[in-house]
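Student: Please take a single part of this model and go through it closely. Then connect that part to what surrounds it.

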Amino acid sequence: MTGEVGDMSTSWYGEIMSEPRWLTPDQAEVWAKYRRVRRELQRAQDQQLQRDSGLSAADYALLAPLSESADGVLRARELGAEVDWERSRLSHQISRMEKRGLVTREACADDARGSMVRLTEKGREAIEAAAPTHVENVRQIFFDPLTPDEVRLFGDFLDRILGAVEQNSG
C-alpha cells in the first residue's frame, strides 16, 4: 500500500527510494491554517504600521534593533544578521531610510570594507512613536486570543519546531 513505512519506489534515475510521507488530512489542514495565519498576521502588521506611523514593516524591522543597541548604531552586517536579510535587500532598505532621514550610514572605524548604520533623531522619534501601537496590535491579534497557559504551551511548540528546523537546515 502506498504511503506506508517501508514502501519503496524507483526514482527517475532507477535508484530505490522510500515513498513520500504525505501529510494526513489533519496535518494538511493545520499546515494550511499556519500558512494563512502567517500571511494574514504579516498583512495586519504591515497595515497597522503604515496606517498608524507611516513606517513600513521593513522600516520597523531595522529601526527596532537599532533603537535597542548601544548608541543607536550597529554594523551593517550585524543588522542584516539580526533581521536575516541578504546584503542587497539590507542595502536598498537602508538607502530608502537614509533618504527619509531615519538612519545614516557611516564608515566602520575598524574595517574599511564595513559600514555602520546609525539611528538618527528622526528615526528614534519614529520608532518611539510607532512602538506602543505596534505592541498593542501584537497583543490584540496574537496573544489576547490565548490564555497564559496556552501562550506558554505555544512557546514550547515553537521551540520544538525551531529546533527541528535548525537540526534539518545544516
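Tutor: At 1.5 Å a residue, the 13 residues of α4 should span 18 Å, and its end C-alpha atoms are 18 Å apart, which agrees. The expected span is 1.5 Å times one less than the number of residues. Helices (H or I, at least four residues) and strands (E, at least two) are DSSP runs, numbered from the N terminus. This is a predicted model, in which local features need pLDDT of at least 70, side-chain atom pairs count only at pLDDT 80 or more, and totals for chains, interfaces and linings use all residues. Residues are numbered from 1 along each chain as its sequence is written, and side-chain values use heavy atoms, without hydrogens or water.

The buried residues of α4 are Leu-90, Gln-93, Ile-94 and Met-97. Buried means under 20% relative accessible area, exposed over 50%, and partly exposed in between (1.4 Å probe, protein chains only). Seen down the helix axis, the buried residues of α4 fall within an arc of 100°, so they line one face of the helix. That arc is taken from the directions from the axis to the C-beta atoms. The buried residues of α4 pack against α2, α3, β4 (103-108) and β5; contact here means heavy atoms within 4.5 Å.

Ser-88 also lies in α4, and at 47% relative accessibility it counts as partly exposed. Its C-alpha atom is 40 Å from that of Pro-25, which is 63 residues away in sequence.

The two ends of the helix can be followed through backbone angles. In the loop between α3 and α4 sits Asp-84, which has a positive phi of about 60° although it is not a glycine. With a relative accessibility of 70%, Asp-84 counts as exposed. After α4 comes Gly-101, whose phi is positive, near 80°. Another non-glycine residue with a positive phi of about 60° is Asp-71, placed in the loop between α2 and β3 (73-75). Asp-71 counts as exposed at 66% relative accessibility.

Asp-59 is found in helix α2 and counts as buried at 2% relative accessibility. Beyond its neighbours within four places in sequence, Asp-59 is in contact with Gly-54, Gln-93, Met-97, Arg-100 and Leu-102. Gln-93 and Met-97 in that list are among the buried residues of α4. Leu-63 also touches Met-97, along with Leu-55, Leu-102, Val-103, Leu-119, Gly-123 and Ile-127, again leaving out residues up to four places away.

Which residues have the most contacts inside the largest nonpolar core? They are Leu-62 and Leu-63, in a core of 23 residues. Such a core is a set of buried Ala, Val, Leu, Ile, Met, Phe, Trp, Tyr and Cys residues joined through side-chain atoms within 4.5 Å. At least two residues of this core come from each of α2 (57-68), α3 (76-83), α4 (87-99), β5 (111-119) and α5 (121-143). The largest share, six residues, belongs to α2.

Strand β5 also holds Ala-112, which counts as exposed at 83% relative accessibility. In α5 lies Ala-129, exposed with a relative accessible area of 55%.

Gln-48 is found in helix α1 and counts as buried at 2% relative accessibility.

Finally, the open space. The largest pocket is lined by 29 residues, with Tyr-34, Val-37, Arg-38, Phe-154 and Leu-158 nearest its centre. At least two lining residues come from each of α1 (25-53), α2, α5 and α6 (148-168), and the largest share, 13 residues, comes from α1. A pocket is an open set of points on a 1 Å grid over the protein atoms alone where a 1.4 Å probe fits, with protein on both sides within 12 Å along at least five of seven lines; lining residues have an atom within 4 Å of a point. About 1200 Å³ of space lies in this pocket, counted as the space filled by probe spheres set on the points, which are joined across faces, edges and corners.
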